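Dear colleague,

I am handing over the structure we spoke about, and below it you will find notes on what turned up when I went through it. Please read them with the structure open beside you.

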Amino acid sequence: MKKSIVALLSLFSISTQAQQLRPPAVPLIANDPYFSIWSVSDKANESVTRHWTGKNHSLQGIVEVDGKAFQFLGMPKINYKTYASTAAEKVYQAKYTLDTPAAGWEKESFNDNSWKIGTAPFGDGAGSNPMRPNTDWKTKKIWYRRAVELPAKFNAEKLRLQVSNDDDVQIYINGVLAYECGPCYIAGYEQYKLSPAAQKAIKPGKNIIAVHCINPIGGGFVDVGIQEELPPATPVTAATQTSVQVKATNTIYTFDANGVQIKATFTSPLLMDELEVLARPASYITFETSSKDGRSHKVKVKMDVSADLAVNMPSQEVATKVLPNTTGGLKLMSAGSVEQKILGKRGDDLRIDWGYAYVAAKNATFTTGTPQERVLKSTFDFGTVGQTSKSNHLILAYDDIYAVQYFGKNLRAWWRRDASMTAEKMLDEAEKDYTRLMAKTAAFDQQLYQDAQKAGGKEYADLCELAYRQAIAAHKTVDRGDGTLLFFSKENFSNGSIGTVDVTYPSAPMFLLYNNTLMKGLLEFIFEYSESGKWAKPFAAHDVGTYPLANGQTYGEDMPVEECGNMIILAAATCLKDGNGDYAKKHWSTLSTWVKYLEEYGFDPANQLCTDDFAGHLARNINLSAKAIMGIASYAKMAELVGDKATANKYQAMAKEMASKWQTMAEDGDHYALTFDKKGTWSQKYNLVWDELLGLNVFPKSVMQKEIKYYLNKQEKYGLPLDSRKTYTKSDWIMWTATMTDSQQDFEALIHPIWKFANETTSRVPLSDWHETTNAKQVGFQARSVVGGYFIKMLEGKLNK
């Protein structure tokens, strides 16, 4: 007998503690790197909903109570008028120089006749901006000037600079500083108000924009335009938000509007014990309404989904359609770009502009609005609503047609691997599963929280449930073409790499905990890259391309010790999760090649990058050495599992000998140093967490006991710094470090500042894993899969049985 949906929704409130953690951003739709929508304010109706990159992916929810409209989700779309386009909209020419100019270069009167003329944008082609430069800039600094015309009337306070900069930038208007930032970079385009002085300096007619950009390291790129923010449409009264709960797979809001309560539940059923459901690019939005004032009310709920979900930039042309009903009786709408250049772009700050967004529901009225609106509109008429709740739901989905290009071959998403599968069939399956999945996700959310709380306490549980959807949605589940599952990560807000090994490494604990098939899917393409001969180096690759094109490594520098250690450790963890060595046998030749590299070069690493590459090169890195030792010991563990006792004994003895030597060379009084040659330094030795998790037993417990004691005295307000060079940190590594504590008290002492960071940061983006410990501000990175590493405490005792 089917339960009513109202009864199922009540499951969300069972044994639920009051939500005290204020998420920096709230997940609404979380399926994959392109289909990912967030609210970035405390109240759902205080900001436009956004793609994780920060660009508007607008969802607007309106409830009409007795004919009066109240907005409960999103805000009216902000429209702009362009006065000086960026090159993303229309190329332009500017005067530029790569040599330091004379004083006054930013002023209107400056004579720039000796400067070169170039077509924007300017860059070196190595940055993470998907735009390719039209004029090469490969020096450290660039200066450029462009003349722009403004109309006789404009609102200076509403003018916005549209900027993409890699790295630090200064922008002047008519000689007056209008905007600057540094150190900073923006891989895509952001909009900024002009400084008060620049608002006074800008004028009708001709103006001079003067730009200075600095590129100290990595790719360089700069492009600047001017727009005016237009007045909004007639504002709608805001509904009063009364609560928000962010669970592992569900986000539940409640609002009051004119005597009616509306509960909006956003469900992405990312259940790792059901791969078909997890890979299905469909999320549910459920609306439940009831009277709260004892009277009956006429209620309608309207949901507007912007067609911008299907394009990279709002300027791209889209087509919206109301489609015929599906076989299962679902009403259907779609939006997609007119161009449909499948897999036509790669990069970091990038949205999909091929395939189709879908809205589906049974009990709704659909319309696509006007071409100018670019929106899919649905209306649910609840009729007369009293104290007994009524509910309806819609499905929001995305069919990317092809998901990833893998060494020249376009691959289908896992859900679409059968040639007969269509978006319509997928939506019918999602509708059929709705009632069951709403119950199952509610039960899973409750179980995850209880398990996490038991493992690490309430604050730890809060962080795990916040991380869950984010970690999965930074991946795409695809079919290699032969029924083999590949689980590709995107290195979000970092460089856009696909299948990055040192992103897989910190992400792995969650997948090892919940689904080893996905864990293997994260490793398989790296093994295949080497075993196919396409990657011929004697160490593991860093990545297999730039998302969504997995045609070979695109990162500019190898990380030999890092990636060999990562792959061997994770292969061992995968085998232990399986309870046998079959996975190692499959790749034994490759694993043996990699362990030989660690044997020769891993103990005292050369001046090379590690996963913390943002901190720069570091020779003789003690934590990287620890990873090599863990890798060698992990290889011994796998040799034991495959029955090769001689090899197991050889490499276990080698790892123990290295660990003994490591302790002597790394010793620095009451702790262990950052590098073998620099005393008076320190770092988190998070790589040692595997010694106990995998049962490697090569380091004595006293090593981490001494380190933890030292760390507890080095904490800042918002966390333990990564090492002695800077005060910033990586929250995933703190989780790993905390897992090596001997007491719950010490564990919670290290976790609390991370919770405090998430709760108090002013950086309203999907959870950043790289933040400043002194002020809780994001340093870089957001929406990354590495927060799957938060689950490492829950992994204790699950591998080495």
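Phe781 lies in the segment that follows β37 (778-780), and in this predicted model it has a positive phi of about 65 degrees although it is not a glycine. Phe781 also counts as buried, at 7% relative accessibility. A positive phi is likewise found at Leu343, which is not a glycine either and has a value of about 55 degrees; Leu343 sits in the loop between β25 and β26 and is buried, with a relative accessible area of 7%. For context, most residues other than glycine have a negative phi, and most peptide bonds are trans.

The bond from Asp166 to Asp167 is cis, with omega near 15 degrees, and Asp167 belongs to the loop between β12 (159-166) and β13 (169-173). Another cis peptide bond joins Tyr547 and Pro548, with omega about 5 degrees, and Pro548 is found in the loop between α8 and β34 (549-550).

Helix α8 (residues 516-531) packs against helix α7 (residues 501-514) at an angle of about 155 degrees, with the two axes 7 Å apart; because angles over 145 degrees count as roughly antiparallel, this is how α7 stands to α8. The residues of this contact divide into 10 nonpolar, two polar and no charged, and among those that meet are Phe511 and Leu512 in α7 and Leu522 and Ile526 in α8.

Trp690 is, with Phe287 and Trp662, one of the residues that touch the most other members of the largest nonpolar core, which has 213 residues. Helix α12 (residues 622-641) gives the largest share of this core, 12 residues. A second, separate core of 34 residues includes Tyr144, Leu159, Cys181 and Cys213.

Finally, there is an open sheet of six strands in the order β8-β7-β11-β16-β13-β14, with antiparallel pairing. Its edge strands, each pairing on one side only, are β8 (116-119) and β14 (176-181), and the twist averages 25 degrees from one strand to the next. Within the sheet, β7 (residues 93-97) is joined to β11 (residues 141-150) by three bridges, and Thr97 stands opposite Trp143 in β11.

With best wishes

Technical notes:
Residues are numbered from 1 along each chain as its sequence is written. This is a predicted model: local features need pLDDT of at least 70, side-chain atom pairs count only at pLDDT 80 or more; totals for chains, interfaces and linings use all residues. Side-chain values use heavy atoms; hydrogens and water are left out. Axes are lines fitted to C-alpha atoms, for helices over the stretch in contact, and angles run from 0 to 180 degrees between N-to-C directions. Helices (H or I, at least four residues) and strands (E, at least two) are DSSP runs, numbered from the N terminus. Angles under 35 degrees count as roughly parallel, over 145 as roughly antiparallel, 65 to 115 as roughly perpendicular and the rest as oblique. Contact means heavy atoms within 4.5 Å. Ala, Val, Leu, Ile, Met, Phe, Trp, Tyr, Cys and Pro count as nonpolar, Asp, Glu, Lys and Arg as charged, and the others, Gly among them, as polar. A nonpolar core is a set of buried Ala, Val, Leu, Ile, Met, Phe, Trp, Tyr and Cys residues joined through side-chain atoms within 4.5 Å. Buried means under 20% relative accessible area, exposed over 50%, partly exposed in between (1.4 Å probe, protein chains only). Two strands pair if DSSP finds at least two bridges between them.
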